[in-house]
Amino acid sequence: MQLARHLGIEQFAAVVGGSLGGMQAIQWTLDYPEKVRHALVIAAAAKLTAQNIAFNDVARQAIMTDQEFYGGNYYAYDTLPRRGLRLARMLGHITYLSDDSMAAKFGRSLRNGELSFGFDVEFEIESYLRYQGDKFADLFDANSYLLMTKALDYFDPANTYGGDLSAAFRVAKADYLILSFTSDWRFSPERSREIVKALLDNKINVSYAEITSSHGHDSFLMETQYYHQLVRAYMDNVST
């Protein structure tokens with residue numbers, strides 16, 4: 001908001017976010033209710049499940065136990081915890097996909113057409129995950145990854161209201177579009193419906209759609225026609 005004040009922006013027509021970005025959009029409507037007119041919350045949740053927190057902790061442990069982590073001071077040693085980042089990304093990527101999407105894209109296809117009965121890459125899915133891990137390890141900062149997963153773990157606007165999410169949304173004044181995806185098991189439609197209920201309890205304008213998709217949590221990043229049509233239609237009315 002400091003940047004917004006510097007730029008002379010008094011109110012945002014809409015804030016839009018998916019996953020962690022959706023949580024940020026929610027928080028803006030609660031922290032600055034007079035400054036946000038619309039919030040588009042996509043594939044998000046009002047808090048992480050215990051399973052999600054567990055996945056995040058395994059990813060952090062992969063990074064923090066890397067010999068090249070050096071307690072987070074790896075730049076001082078002119079190195080990076082690439083192995084840990086690689087494993088964290090591989091784990092995360094599995095949770096972003098659905099079983100159906102992985103089966104459709106890879107199935108049990110073998111990289112070289114036959115089993116080698118060893119521990120090197122044999123299946124195409126193994127090759128894909130290792131590629132994603134290697135690419136991520138060279139692009140993303142390990143400490144940033146740790147902080148982002150902790151931000152996800154800690155997000156819980158209802159916490160200061162004794163777990164009452166409806167009470168947390170009493171200050172909100174924005175209109176909301178909440179979108180979820182059928183195959184997203186990490187941020188399931190049930191989590192989005194909890195947000196919708198809390199908004200309706202406060203008689204806040206909210207539109208909700210549960211979009212059929214086989215891409216898991218990654219669905220919000222895909223160019224799905226119906227999904228994009230919904231967002232476009234909502235945004236077309238934001239100025240009215």
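This is a predicted model: local features need pLDDT of at least 70, side-chain atom pairs count only at pLDDT 80 or more; totals for chains, interfaces and linings use all residues.
Residues are numbered from 1 along each chain as its sequence is written, and side-chain values use heavy atoms, without hydrogens and water. Local features need pLDDT of at least 70, and side-chain atom pairs count only at pLDDT 80 or more, whereas totals for chains, interfaces and linings use all residues.

We begin with two helices. Helix α3 spans residues 50–64 and helix α4 residues 82–96; their axes come within 7 Å and cross at roughly 160°. Therefore α3 is roughly antiparallel to α4, a term for angles over 145 degrees. The crossing of α3 and α4 is right-handed. On the α3 side, the contact (heavy atoms within 4.5 Å) is made by F55, V58, A59, A62 and I63. On the α4 side, G84, L85, L87, A88, L91 and T95 take part. The residues of this contact divide into nine nonpolar, two polar and no charged.

We turn next to the nonpolar cores. A nonpolar core is a set of buried Ala, Val, Leu, Ile, Met, Phe, Trp, Tyr and Cys residues joined through side-chain atoms within 4.5 Å, where buried means under 20% relative accessible area with a 1.4 Å probe, protein chains only. The largest core has 29 residues, of which M23, V41, F169 and Y176 touch the most other members. Two or more residues each come from α2 (20–31), β2 (38–42), α8 (165–168), β3 (175–181) and α9 (189–201). The largest share, five residues, comes from α2. Leaving aside residues up to four places away in sequence, M23 touches A44, A45, L48, L152, F155 and F187. A second, separate core of 12 residues includes L40, I42, L177 and Y234.

Technical notes. Axes are lines fitted to C-alpha atoms, for helices over the stretch in contact, and angles run from 0 to 180 degrees between N-to-C directions. Helices (H or I, at least four residues) and strands (E, at least two) are DSSP runs, numbered from the N terminus. Angles under 35 degrees count as roughly parallel, over 145 as roughly antiparallel, 65 to 115 as roughly perpendicular and the rest as oblique. A crossing is left-handed if the near helix is turned anticlockwise from the far one by less than a right angle, and right-handed if clockwise. Ala, Val, Leu, Ile, Met, Phe, Trp, Tyr, Cys and Pro count as nonpolar, Asp, Glu, Lys and Arg as charged, and the others, Gly among them, as polar. Buried means under 20% relative accessible area, exposed over 50%, partly exposed in between (1.4 Å probe, protein chains only).
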